[in-house]
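Please read it alongside the sequence and the coordinates shown here.

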Amino acid sequence: MKKYVCFIVPSIAVVVIHTSFTGSGPSTKAELGKLLFFDPILSKDRTISCASCHKPEFAFADTGVVSLGVGGSKGSRNTPSAMNLSLQRIFFWDGRAKTLEEQALAPIENPVEMNLPVAHAVLRLKQSDDYNNYFKAIFNSEPTASNLAVALAAFERTLETVESPFDQWKFSDDSNAVGDAVKRGFAIFNSKGKCVKCHFGADFTTNEFRNIGLFNSKELNDSGRIVISGQPGDLGKFKVPSLRNIAMTGPYMHNGMFKNLRQVIDFYNEPDKVIPNSLNRDSVLSKPLGLTEKDKTDLEAFLLSLTDRRFSLSEHGY
Amino acid sequence: MKKLLIAAGIFALISLTITDQLTGTWETKLSPKGNVTRVVFKSDYTFEGFINKKPFVTGKYTFENDVFSFVDNGCDGKKGVYKIVFFSNSDSIRFESVNDSCEERRNGMIRTVLGRVK
């Protein structure tokens, strides 16, 4: 009998340990990606995670003009939101990645972000018993650069938001979900404001590049897309960003030069007043829009209505 | 007078039937990428389009003799004209381009098959 007890007790312990292990660890690619997204193991000095710059409470964007990488190093572009990327076809302000998987690894290696060669990051994951087990359970493989990218991208694809007042107005056909200012603002967005020419689609982006007039080769010298494409016409062009949760993701533009949405609207209304010497600005913005103060207020109300309820209710849930 | 009322009634019924042929909610099947497109044709001759529950297009349309003409908030206000082909007991539709100079929209629409949801 004693022998049986000796055998049974360790067996139960193994089962309990295994159960608790599998119960607490990630069981899908997206769950593993979430763990990695928040883990500073992927940065050189183990201080920075993806979430350090893509902050959940700010729609996975940052509140600084530029974010700080390892050792306090500064990038040159504003951190875009990592939400609502599933339908997007280009990534980064200059579109240098065509897939989320391709995008996911770049910040790990970037010297002013996480500054860790991907091969080294993978080695760290392999040296972690937990991560080794997670990758084997989910990918049937040890950690590799490829499945690291797949996991991070899978998590990012879960970050979709469809519960803004605007969504409720349209999808649920609930005209009380938004006020009259929002409805007027949406009409201006589609007409006088010309916003829809670039911000058309489910995430309010046409997935293309535009030069909105923030390049003058002097103090504004980020030439944008041209560095990737080599096409002269791409001088000063940047990706048209999504407008979902835009109220949460300021400051705005690729260089974070506008602190709030009103500054953005004022700029688009009269670009020459703000940047009089821009180069290669898009013809859509060749003339002032002629928005009244009421138009601007309505347009801003519409933009605010694109905020998902999880942010308005402070239900981050991440 | 009685004949006139009956004729008016029949006309109203026919009009209602024609309107009902398109009005309502239509959806694509789940695409390989996991996307579902929904279009709601309303009885006031406006429509709304959604991808994965996200509104992406809104517009106004006419529908006569299976010809669907519309303008939406994309494509710089260009008009699109399509023949709507009903099939599967009119529970499914597809679009045949008659005239649409907005190439991206046309490429999307001629590939789209929608099934009636309600």
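## A helix pair in chain A

In which hand, left-handed or right-handed, does H11(A) pass H13(A)? H11(A) passes H13(A) in a right-handed crossing, a crossing being right-handed if the near helix is turned clockwise from the far one by less than a right angle and left-handed if anticlockwise. Two packed helices are described by the angle between their axes and the distance between the axes. For helix H11 (residues 261–269) of chain A and helix H13 (residues 293–304) of chain A, the axes come within 10 Å and cross at roughly 125°, where axes are lines fitted to C-alpha atoms over the stretch in contact and angles run from 0 to 180 degrees between N-to-C directions. H11(A) and H13(A) are therefore oblique to each other, given that angles under 35 degrees count as roughly parallel, over 145 as roughly antiparallel, 65 to 115 as roughly perpendicular and the rest as oblique.

H11(A) contributes A:Leu261, A:Arg262, A:Ile265 and A:Asn269 to the contact, and H13(A) contributes A:Lys296, A:Leu299, A:Glu300 and A:Leu303; two residues are in contact if their C-beta atoms, placed from the backbone, lie within 7 Å. These residues divide into 4 nonpolar, 1 polar and 3 charged, with Ala, Val, Leu, Ile, Met, Phe, Trp, Tyr, Cys and Pro counted as nonpolar, Asp, Glu, Lys and Arg as charged, and the others, Gly among them, as polar.

## Basis of the model

This is a predicted model, in which local features need pLDDT of at least 70 and side-chain atom pairs count only at pLDDT 80 or more, while totals for chains, interfaces and linings use all residues. Residues are numbered from 1 along each chain as its sequence is written, and chains are lettered from A and ligands numbered from 1 in the order in which they are written.

## Chain A and its domains

Chain A has 14 helices and 2 strands, helices (H or I, at least four residues) and strands (E, at least two) being DSSP runs numbered from the N terminus. Its C-alpha trace spans about 90 × 45 × 30 Å along the principal axes.

An automatic or database domain assignment is the source of the domain bounds, and chain A is divided into domain 1 (25–156) and domain 2 (165–312). The C-alpha centres of these two domains lie 27 Å apart, and their contact takes 20 residues from domain 1 of chain A and 24 residues from domain 2 of chain A.
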